[in-house]
Amino acid sequence: MLHYISFGSGSSGNCSCLYTERTRLLIDAGLGTRTLKKWFCNYNIHPSAIDGILVTHDHTDHAKSAGTLSHDFDIPVYTTAQVHAGMERNWCLRRKIASEQAHNIEKGVPFHIGDLTITAFGVPHDSTDNVGYCVEHEDVTFVLMTDIGHVTEDIKHYISKANYLVIEADYETEMLDRGHYPEHLKRRIRGPYGHMSNNECAKAIINNATPCLRHVWLCHLSNENNHPDLAETTVRQTLRAHGIVAGDDPAADFKLDVLRRKTPSPIFNLQP
């Protein structure tokens, strides 16, 4: 069985773990190494047993500790050549990834780590490059996409493939509009290479999800322009207005949860 844990989600740092009996992967490593080691210990995950780190993009909140973990525990790091180059230039990443641990992948080209099949796909964002990941194990398809400036055909395709979906709900529009951010930053967040709002997230699910979707997690919530309860309520209500019920009720179309910024999630068992 495939299992999923989120160790943190948001601009303070992003990191999650997917694992089977044979294979352990991290997706992003944007939390500090001390924090990650603490969480690993709490979940009985030894860093030396991690088979790879998949990096979505080169912003510090997603890549901060990739080099340190790779160096200290001999973990290969997988992402596109552009993201690798961006991480090399990012002065906030003090430990760079050694050349022998830097593995280049291509969008749309599946590759294998242990018993997992992984496909990266493009996600528009104002980073050097940005990818989401589709991870397949037996009859389960897990998809993670974050820092989404706008919904592309690739994003639509991978939402439609997902049994389990982690998708960005960064901000609530009214909170952003009325908030203290300078106008240029608000434009950047709203723009086609910024982030996705709660309503945009809900619409992406409405327009592209299929009956095979079983669980959705909202990720990368803004601390200043969103709130977990607000994001969950907005997405649930927008879905319900289109005849889709998300929740824990057995009659719901799929489950819906919000990933916390600094609190690890439970272990989710991704049933076939």
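Predicted model: local features only at pLDDT ≥ 70, side-chain atom pairs only at ≥ 80, totals over all residues.
Local features need pLDDT of at least 70 and side-chain atom pairs count only at pLDDT 80 or more, while totals for chains, interfaces and linings use all residues. Residues are numbered from 1 along each chain as its sequence is written, and side-chain values use heavy atoms, without hydrogens and water.

**View 1. The largest pocket.** About 250 Å³ of space lies in this pocket. Of its 17 lining residues, the closest to the centre are Ser-11, Asp-170, Arg-188, His-195 and His-220. A pocket is an open set of points on a 1 Å grid over the protein atoms alone where a 1.4 Å probe fits, with protein on both sides within 12 Å along at least five of seven lines; lining residues have an atom within 4 Å of a point. The volume is the space filled by probe spheres set on the points, which are joined across faces, edges and corners. Helix α7 (residues 183–190) supplies the largest share of the lining, 3 residues.

**View 2. The second largest pocket.** Its volume is about 170 Å³. Among the residues that line this pocket are Tyr-164, Trp-217, Lys-255 and Phe-268. Strands β12 (215–219), β13 (255–258) and β14 (268–270) each supply at least two lining residues, and β14 gives the most, with 3. Helices (H or I, at least four residues) and strands (E, at least two) are DSSP runs, numbered from the N terminus.

**View 3. Helix α3 (residues 66–73).** Ala-66, Gly-67, Leu-69 and Ser-70 are the buried residues of this helix; buried means under 20% relative accessible area (1.4 Å probe, protein chains only). Asp-74 follows α3 and has a positive phi, near 60 degrees.

Conventions: Buried < 20%, exposed > 50% of the residue type's maximum accessible area, 1.4 Å probe, protein only.
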